[in-house]
Amino acid sequence: MIVTQTEENLEEVQTLLAQLAIAYTRPEENRIDVILPPAKLVEAARIMEDTGFWYLSAITGVDHSSSADTTNEEKAWQRVVEGEEQTGFGYSGVLEALYHFCKGSVVATLRVRMGHANPNLPSICGVVPSASLYERELMEMFGISIEDTPVKDHLLLPDDWPVGVYPLRKDFKGFGQPEVEGGANA
Amino acid sequence: MPETKHGDKFIVPIGPQHPALKEPGHFEFTVDGETVTGASVRLGFVHRGIEKAAEERTYIQDLYLLERICGICSHVHAMAFALGVEKLAGVTVPERAQAIRVLVAEMERIHSHLLWLGVAAHEAGFDTLFMYAWRDREKVMDLLEQLCGNRVNYSINVLGGVKEDVNDVIRDGILSAMDYLETRTVLYLKLVTTERTLIGRTRGIGIMEKQTAARLGTVGPTARASGLERDIRLEAPYAAYLQYPARIVTEQTGDLEARFIVRVKELYESFRLIRGILSTLPGGELTTKMPRRIPEGETISRVEAPRGELFYYIKSNGSDKPDRVKVRTPSINNFASVMATAVGHKLADIPMILSGIDPCFSCNDRMVSIRGSEGQQAVDWEELRLYGIEYYR
């Protein structure tokens, strides 16, 4: 019974977002990934939310920089993204935001990709108010700019955190050893 | 945040040292006289950078690191991570190990719910119940120590199974403790539904409608108290929950009393599951061989922590270290419900509404300052708690 319900939910997502999605993948039996252009994100979130059954479970940011992987799926994505005519967008410099919507056992992930140079996303807070916390996290941890999000203050990092340093990006390696009074070996 | 008008509105900052959360948080409540008109949250005061740290450690090291995210529901963190990594590695964990994981998870739920019952009773000024609940909680803590070797951060999980086995002595100990706790739970259920002093603080307060709870993405007992049937143990059974199915406990009223009732009734459910597991514990090995390097891939692991759905996203890159680990704890989802339900309530109700979502209480003293147009008036949380108790006296 659980299996058929899962299958129904997976197909529901496919039907709901048929007009917006660039591509679908089914990475695991209870998951569906929907690849979206950033411009269609809010509309897709609205469609999911309006069903009344899907809820936003989390938003994950991923920095793909260090991944040396070029599996076929990844290559397909790269072509997809390039097809959106975004320039300066090598695979190595890709940031991705994953919007996980859940219903029953199914996790539907809306995936949007951005270049490192100028990553920005529309806010989905107008549709899902509870997304505010996750969007603040995306902004401070990955440096993704979300212009129309209601609150832009730091959520997790201190207020005096240096501007332009995004700790969950792969190129962040920490600030080095703290200075010890009287020298390191004193 | 709403604008502060001089003279007739005050912003009451609560925190940052706030025990009601896994992470100390800073809440600001805008009040008009006694009534709360707005609320906002600021987290991160004990941000430890665990997600980043996890990327620089091996999977085995991460298991111990992630178990230390929370001192109350530590087992579910390790279990969620282990289940995810095992899925990525394509490893099948022995049945006995999965059953022991569920056993420990349910014992942890009992300990967590009793802890919450005590803390919430304390916030309401009902310290007798607080003492009772915490005394009984010691029973479960002792059993966990006997089984795992630790009272907290049990460390029973390894990648590919569990470390410790259940022998006859431990089994009998657990079973007799369950009988004792069940008689105590009868008392607790009677108290939270009939004790006038407690009902005065809980009935009809902090009401969240089912639709609101669904829209805000509320999880766990907070959602179930609003009639929302959300429980990962049933929706997406993991570990051994397919063999030992949990029954969902819901209430329809959505107020603080319902959150009390749901959590107390869930104790019965845990007793039943634990007895079921111990009577039919499958035999066999405890662990299976795990590869050190995890094949490339990504997975999502969801488990039902005592506070609700715990969400792990794990991305592996073929090495012995994960590429990305994202942890979303249930309290994050439930914050939104505090922000929404606090509005329109009295300041005196805030301690109860905050504790109603069962955020982790890690320390007992916190600063509250009442800030207005004429400077700041600082009081500590204890004073706000007493203020709430006095208000309802």
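Start at Thr253(B), which has 16 C-beta neighbours inside 10 Å and therefore counts as partly exposed. For that label, a residue is buried if 20 or more other C-beta atoms lie within 10 Å of its own, exposed if 12 or fewer, and partly exposed in between, with C-beta atoms placed from the backbone. Thr253(B) sits in the loop between helix H10 (232-235) and helix H11 (256-279) of chain B. Helices (H or I, at least four residues) and strands (E, at least two) are DSSP runs, numbered from the N terminus. From Thr253(B) to Asp323(B) there are 70 residues along the chain, and their C-alpha atoms are separated by 44 Å.

Some housekeeping. This is a predicted model, in which local features need pLDDT of at least 70, side-chain atom pairs count only at pLDDT 80 or more, and totals for chains, interfaces and linings use all residues. Residues are numbered from 1 along each chain as its sequence is written, while chains are lettered from A and ligands numbered from 1 in the order in which they are written.

Next, the domains of chain B. The assignment, which is automatic or from a database, gives domain 1 (10-46 + 334-391) and domain 2 (50-328). Their centres, taken over C-alpha atoms, are separated by 27 Å. Across the boundary, 20 residues of domain 1 of chain B are in contact with 25 residues of domain 2 of chain B; contact is when two C-beta atoms, placed from the backbone, lie within 7 Å. On the domain 1 side, helix H12 (330-342), helix H13 (350-356) and helix H14 (381-391) of chain B each supply at least two residues. That side divides into nine nonpolar, seven polar and four charged residues. Here Ala, Val, Leu, Ile, Met, Phe, Trp, Tyr, Cys and Pro count as nonpolar, Asp, Glu, Lys and Arg as charged, and the others, Gly among them, as polar.

Now helix packing. The axes of helix H2 (residues 59-67) of chain B and helix H3 of chain B come within 8 Å and cross at roughly 150°. Axes are lines fitted to C-alpha atoms, for helices over the stretch in contact, and angles run from 0 to 180 degrees between N-to-C directions. That makes H2(B) roughly antiparallel to H3(B); the label applies to angles over 145 degrees, with under 35 roughly parallel, 65 to 115 roughly perpendicular and the rest oblique. The residues of this contact divide into seven nonpolar, two polar and two charged.

How do H3(B) and H4(B) compare in direction? Helix H3 (residues 74-89) and helix H4 (residues 95-123) of chain B have axes that come within 9 Å and cross at roughly 150°, and these helices are therefore roughly antiparallel to each other. His75(B), Val76(B) and Met79(B) in H3(B) meet Arg101(B), Val104(B), Ala105(B) and Glu108(B) in H4(B). That contact has four nonpolar residues, one polar and two charged.

Finally, chain A. It has four helices and seven strands, in the order α-β-β-α-β-α-β-β-β-α-β along the sequence. Of its 186 residues, 41% count as buried. Between the chains, 28 residues of chain B are in contact with 27 residues of chain A. Elements giving two or more residues to the chain B side include strand S6 (297-305), strand S7 (308-316) and strand S8 (322-328). By class, that side has ten nonpolar, six polar and twelve charged residues.
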